[in-house]
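Please open the structure in your viewer and keep the selection tool at hand. The tour below moves from one selection to the next and says what is there.

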Amino acid sequence: MLRGWAESVARFREDANAEEDLVLGGYRDRVVVELAQNAADAAVRGGVSGRVRFSLRGTVLSAANTGAALDAGGVEALSTLRASGKRDEDGAVGRFGVGFAAVVAVSDEPSIGSGGGGVSWSLERARELASGVPGLGEELGRRGGHVPLLRLPFACEVEVPDGFDTVVRLPLRDADAVAAVRRQLEEAGPALMLALPALGTVEIEIDGVEVRTLTAERADGRVVIDGVPWRVVEDHGVVPPELLVDRPVEERARPYWQVRWALGESEAPRVVHAPTPSDERLDLPALLIGSFPLAPDRRHVAPGALTDFLVERAAEGYVRLMGQLAGDPAVLELVPGVVGVGELDARIRRAIVGRLPDAVLLPDGARGRDAVVVDAPAAFVGLLGTGILPGVLPARWPARHPGLNALGVRRVELADVVDALAGLEQPPLWWRELYESLTGASTDALGAIPVPLADGRTVRGPRGLLVASDLPKGLEILGLRLVDPEAAHPLLLRLGAVEAGPRAVLGDPAVREAVEGAFEADDPDEIAEAVLGLVAAAHLDPGDEPWLGELPLSGEDGDLYPAAELLLPQSPLRGLMAEDAPFGVVAEGVVERWGPETLEAAGVLGGFALVRAEDVNLPALADGVESQDLADEELWAEDVLDRLGDQELPPVVPEFRAVRDLELVADWDAALRLLAQPPVRVALVEPVHVMLYDGRRVALPSYTAWWLRRHPVLNGRLPGEYSVPDDLLAGLYEPLPVEFDPELLLALGVRTSLDELLREPGGAQELLDRMADPARPVARDRLGALWTALAESGAEVSPPERVRAVVDGEVEVVAAEDALVLDRPDLLPLLAGQPLVIPSHELAGPLADLLDLPLASEEVPGAVESSGVPAGVPDVVGGVLPGAVVSYVAHDRLVVDGQDVPWFLGEGELHASGPEGLARGLAWLAGRWEDRFEAEAVLRSPDAAATLRAEADLDGREPRHAAGAHGSYSHF
């Protein structure tokens, strides 16, 4: 070696640079791995299970191993660069002849003892020898004295520990070297044993502490390292020659390839081993060990045809590794993702994923491309797996796992599976099991699920189906969509089926359609039988389902009638309806079969029928758009709307009730007695409540009351022509021919009181018209009360042509143009022969306005023609008329407009003649008109005042005070 350096400085430089590249590059942190690899190769040469012991004590690392001893050829290989002595050894890991160079990274004095001899290398001795070689001085200076360490071996003696065949002893260069070795020893683990299968045991001792031992037991494709099992898949072979064209001669001389995958419970190193660790990242859950060609830096895989070949072999091996978990969902965790951490990793992933759809990795030997997965409850998936959906994976396989996509498994949505079930023919109990298996599934995907019906059909979708039990037989004729009882399940109710008792079944549109078309059906009696069975089971009340009135039933004459046009044999309507009323009598056999209650609930009439409806739109009823099949219903709705006035939104009757068939009655005496009884009474006596757009509810006469008021149902007269015995209305209306309760009379429109009459729309006008009828007597003592009530009502009336007035004390009907409204009592003597309308004095003005008549005070001139003198009012009057005026004009004879009068109010003064006139004037001005007689008595006999007051106390009257009455009468 020295001679070669002497002959060529370039050779020296080449050796120094090459060693330096390896130490500082590819092998800077590989001393432990490379020593283990040499031990593994020795075990292979020696045909033994390899054992190596690493011992770090202080600053010295020793590595003792079993196996073939180091020989002269081995020493030569270690002391040369890129000239491996193992190129012809079958199974040797080392193949480049550079691995031992890793020791130079940590030691300047490595040595080996083996086979009774020893060899060492020394940087210091090598530098001394090199410095003596002619021509190297300048180069050594340029390199700072650095020389190749491993080119000059020296014989030495090295003691080999007992039980071992070889030992490598490395005095470590410095603290950094000690730390690096310590770290490598601590990191040594299962990957070392997996990469070097010739090793059976690796012992690691650091600073004399307890030895850590790695053991590997290999059998049947498994390796157990320190008790932890690893799955191993390995493949090897001869590299086709064309793949080695671009590889070095040493590699072409060993044309063998090998790929090994290892999968364990612990995390695998995330780099490719070739066979020792490289810098090629691999983000797969298994360790890859392969004879990948390396670039000169010994850190990365070299590109080329050989690498391409090994990528494919690695992918095949990985798929076989996954196959060891075939049928177990855990295999999904081995499926590579789509993104690699490097080029090699990405290529291996793509090669693996490309093979997965055809790989046998699923249960029962299935391939991914032949399998489907459903995201659904486990029980449902299990049911599908009984042959319903070929290739479906068991529920333990996570349907949303991305690995299934890579396997080529087709994901089928639950809704699509449900659609596919439509063609199945299965017994009802099977369907119930299916529904049970879907408990907890989202209902969004189940809307079209098949459902078997009681009539043998199978339909898609539960919405609107009836789930019922305990129903009468023979309902098939009605076309009902009843779920087969054996298939009934709560899931169907969640999906829109209706849990139906007899009443709910009656509400099904199919029943109504069957009833409406029953007259044209082949067997109307069969339809009637089914419907009446439901009615009986539902315990309906009459009128609950008005459409049942169209059900065809047999009459006693043998013909079919709509139920609503049939009477029960004992119905009281048989004797009070008109002869041409379109009613038959239900056949006796039908009554015996079903009983009166069921038949009445179906629309047969036992008494008057009560129509019920909800949210009746009044404008629609008035326009005939909606109908309740009632006589004059449009007119009633128009009348209600007129009373309500203009509304922004259509008024609605939330609860509508009415008695029908009133237009067919002949005997109203009997009919009214029936209408007075429940349940139809409520439709007559209770008002209808109309809901307005603003939320207000207005009570108005019901349809039934409205109809009866407009027809002569009381002794051939309109109910409004009668009144109950009443002093004020007597004579103006007819007396009642029969006795009724007050509530019924009020509903019919019989006049029960003057106040009720005046509260009704048009009541004031009606009263005024009747008072103007000379044929209707009105007593003198009631006339004033009638006029007063009219004035108080504030109603609007048409100005009358004739009025009932008082003429000189007698009641007469006179032309309105001749009448005056009396507003002051002092005018009476001046109005002889004048027709007077006399209300309560404070309402004279409002009544005159109501009737458009003049007031008497406006028509009388009122000229005082006599002379009088001012006089004071005796003090005694104050006890009777508190607040009365204190002065007046006294006349011996008071003449007004040429007539003698007792008193008169003129020009703001009271004129009076005598006690009678003065008492009346004072009482009128004091607002105590009713006390005028007492005041007159006091004026006539002042000494009697105390007695009169005591007598007044016996009346129990409270004192009255006429505030502001001080001689002015302008406010009367």
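**Helix pairs, strands and a charged patch**

Begin with helix α27 (residues 754-759), where E756 and R759 are three residues apart and therefore separated by about one helical turn. Helices here are DSSP runs of H or I with at least four residues, strands are runs of E with at least two, and both are numbered from the N terminus. This is a predicted model, in which local features need pLDDT of at least 70 and side-chain atom pairs count only at pLDDT 80 or more, while totals for chains, interfaces and linings use all residues. Residues are numbered from 1 along each chain as its sequence is written, and side-chain values use heavy atoms, with hydrogens and water left out.

Show the side chains of E756 and R759, which meet in a salt bridge at 2.7 Å, N to O; the term requires a side-chain nitrogen of Lys or Arg within 4 Å of a carboxyl oxygen of Asp or Glu. E756 is partly exposed at 26% relative accessible area, whereas R759 is exposed at 57%. Buried means under 20%, exposed over 50% and partly exposed in between, with a 1.4 Å probe and protein chains only.

Next select helix α28 (residues 763-771), in which R770 and E766 lie four residues apart, about one turn of the helix. Their salt bridge has its closest N and O atoms 3.9 Å apart; R770 is buried at 12%, and E766 is partly exposed at 23%. Elsewhere, salt bridges that share partners join R51, R53, R57, E203 and E205 into one network.

Which residues make up the covered face of strand β9? Select residues 222-225: V223 and I225 form the covered face, and R222 and V224 the uncovered one. In a regular strand the side chains alternate between the two faces of the sheet.

Strand β8 (residues 212-219) pairs with β9 in the antiparallel sense over four bridges, and R218 stands opposite V223; strands pair if DSSP finds at least two bridges between them. On β10 (residues 228-238), also joined to β9 by four bridges and antiparallel, R231 stands opposite R222. The hairpin of β9 and β10 has two residues between the strands, and D226 in the turn has a positive phi of about 50°.

Finally, select E663, which lies in the loop between β28 (652-659) and α23 (668-675) and is partly exposed at 43%.
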